[in-house]
Amino acid sequence: MTETARERQVLDRVDRARQRKARLREEHVTMAHGAGGKATQTLIEAVFLDAFRNPLLEPLEDAAVFGAGGARLAFTTDSYVVSPLFFPGGDIGDLAVNGTVNDLSVCGARPLHLSAAFVLEEGFPIEDLRRISASMARAAASAGVSIVTGDTKVVQRGKADGCYVTTAGVGLLEHDARLGVAHVRPGDAVLVSGPIGDHGVTVMLARGELGIEADVTSDTAPLNGLVAVLRAAVGNGVRCLRDATRGGVATILNEIAGASGVAVVVEEDAVPVRPAVRGACELLGIDPLYVACEGRMVAVVDGDAAESALAALRSHPLGEGAAIIGRAGADPPGLVLLKTAFGGTRIIDVLVGDPLPRIC
Amino acid sequence: MRFVDEYRDADKARALSARIASLCEPGRAYQFMEVCGGHTHTIYKHGLEDYLPETVTMVHGPGCPVCVIPMGRVDDAIRIAEEPDVIMTSFGDMTRVPGGRGSFLDAAARGADIRMVYSPLDALKIARANPDRRVVFMAIGFETTAPSTAMTVLRAAAEDVRNFSVFCNHVRVIPAIQAILDSPGLRLDGFIGPGHVSTVIGCRPYEFIAGEYGKPLVVAGFEPLDILQSVYMLLLQLAEGRSEVENQYARVVPWAGNARALRAIGEVMEPRPSFEWRGLGFIAHSALRIREKYAAYDAERLFAVPGVRVADPKACQCGEVLKGVLKPWECKVFGTACTPETPIGTCMVSSEGACAAYYNFGRFSRQRVREATR
């Protein structure tokens, strides 16, 4: 057998091993379980899915979609533990509102109402709490939702890090389009709605531990307006929308390739990244494709609708920097490939639990 | 972006690629080892192999600091970290390296206070901020990082910080290359020399490789065009029948190295008689320890370091991979039992490890992708 044939045989074996359900081997939670990569996935499947298993939860999409009294609803929740609480371009408050609004929006739902629960550490300044709440109110108003219920808990000093926020949200599906990572087909186009990595880099630098200064601000924003514009332009040509939060664009593309059984081929040159973000990533040795955004989405649309989707996104203030970054193909299924700016080819894999700082 | 894009220019890469192909003798296979894990990372991250003829193979060497740490040293460090008043500090890569009793991440989950730092100076800062705790820096790396460890010890001594120490695992690149040159069954045509190490030690220490062993060596930078040009320079030497040390990375690497950095290392550290390398075994004079004069900053002296020796797992073939005898995918457990999320061997941990780089970036059949995009 030639070396190439032997290598292909090994690669097929590795691919089969990757299809197998990962086993949770750890006896304790490690920081890797919160990084949004494979370790997080394994923890969710082995503990939560195992305990709660039901058809609505099982797809593990950003929100569950179900019928109630003749309407189709989307329902989601998210916790926020970002440190620092305040950073250029936003704070934990607007992050918590926008994150939940976005999880509903990318399911195709119109966000209606949110809940907000606070875990506060003894000694936390009321002034900061007012600031966070004001920012949540502004974000809710701008997304056209109301915060209609909530909860407050206080724990002793040292038992929490200032303030954690949990939001949940309900949205209404007003069309019968089914969006999801499993609906992508060969020939579809992959778009991002703007420059990637702004939020993650902003928060990492705002922690002040790296000694790097750069003119970047978080991209936190509600995506419901942008989704509406896109849907109005290409309707059922939209296959899948995801907001590129923890794990970044790379993680979403892998979910798509895996769930739809397609190859996703990305052109590195086409991926919009601000120079300051790119520079910081070069210095830190991280890939912007893995850095979190809080107001950007990945949109996969029918290949024929790519240009009209792009034009629609660019017509909205939050989509001015949108770009077509790649295409779905048939082979090799399940892989995300990058055509590097240098002219080579490599894989974009799922992030393996690197201990990155808390960014959301 | 300036200072980056010009070293990633696809047009220049295509031109170099053509010149590389024209230098290859028909029917001859070439094997070049890039010693440094940073080069391995660049090769895979930019897909550089697409520019090399099939007869030119890059062999990934032992220059990934995390990959060569033996499991026993990880266990020793965890024992130190588990002392109730200790804060262990470490580079991020190191936190996932498995010892016999799990990794730093596992020890942290069990209750040890282990913190990620970007520089030993950050560890010193933590020591100043926590005067009632003992802060230990897990020092790893080649001559590249040894100067910053040495400078930190000097600063701690100057400021009389008493609660800071270093668990020193610094290793030296020359004895490792020599061990590889002396290992049986290895056929290499030349070396891509480590760029960052050479900013400290300079180019002279490599001269015996070109002289006594007759293998050309080109010290290279870390951008993809640097490496491609270095491959071209190696092939040119072979075509012209030369065997020399050349410096492709002259924009950063001075021929004589960095005298101040070498002085700092020499002041604080001295070679160990012998040190164990993961997969390569004991290599004489291959590592550094803290000198007696700075004993107050030497964690090995301050703590009861058990000096654990843990045999590498039987299935693990890291040694063969580090020596370049096996390609990552030729290891029996590659990608099945040993993956980046549950690594058995260290080569699968750091993004500079040959197995992790191949798994994360190169785990696909180029032939199949060519067929699919045809």
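Reader: Which residue in β7(A) stands opposite A:H113?
Author: In this predicted model, A:H113 faces A:V170 of β7(A).

Reader: How many bridges join β5 to β7 in chain A, and do the strands run parallel or antiparallel?
Author: Strand β5 (residues 110-121) and strand β7 (residues 163-173) of chain A are joined by 10 bridges. The two strands run antiparallel.

Reader: What is the strand order of the open sheet in chain A?
Author: The order is β1-β2-β7-β5-β6, which makes 5 strands with mixed pairing.

Reader: Which strands stand at the edges?
Author: The edges are taken by β1 (64-68) and β6 (146-155) of chain A. Each has a single partner strand, so one side of each lacks a neighbour in the sheet.

Reader: And how are neighbouring strands of this sheet turned against each other?
Author: On average they are turned by 20°, with direction ignored.

Reader: Turning to chain B, at what angle do the axes of α1 and α10 cross?
Author: The axes of helix α1 (residues 10-23) and helix α10 (residues 224-239) of chain B cross at roughly 20° and come within 10 Å. Angles under 35 degrees count as roughly parallel, and α1(B) and α10(B) are therefore roughly parallel to each other.

Reader: Is that crossing left-handed or right-handed?
Author: The crossing of α1(B) and α10(B) is left-handed.

Reader: Which residues make the contact?
Author: From α1(B), the residues include B:L16, B:I20 and B:L23. Those from α10(B) include B:L228, B:Y232 and B:L235.

Reader: How do the residues of the contact divide into nonpolar, polar and charged?
Author: The contact of α1(B) with α10(B) has 12 nonpolar, 1 polar and 2 charged residues.

Methods:
Residues numbered from 1 in each chain as written. Chains lettered and ligands numbered in written order. Predicted model: local features only at pLDDT ≥ 70, side-chain atom pairs only at ≥ 80, totals over all residues. Axes fitted to C-alpha atoms, helices over the stretch in contact; angles between N-to-C directions. Helix = DSSP H or I, 4+ residues; strand = E, 2+ residues; numbered from the N terminus. Parallel < 35°, antiparallel > 145°, perpendicular 65-115°, else oblique. Left-handed = near helix turned anticlockwise from the far one by under 90°. Contact = placed C-beta atoms within 7 Å. Nonpolar A, V, L, I, M, F, W, Y, C, P; charged D, E, K, R; others polar. Pairing = 2+ DSSP bridges.
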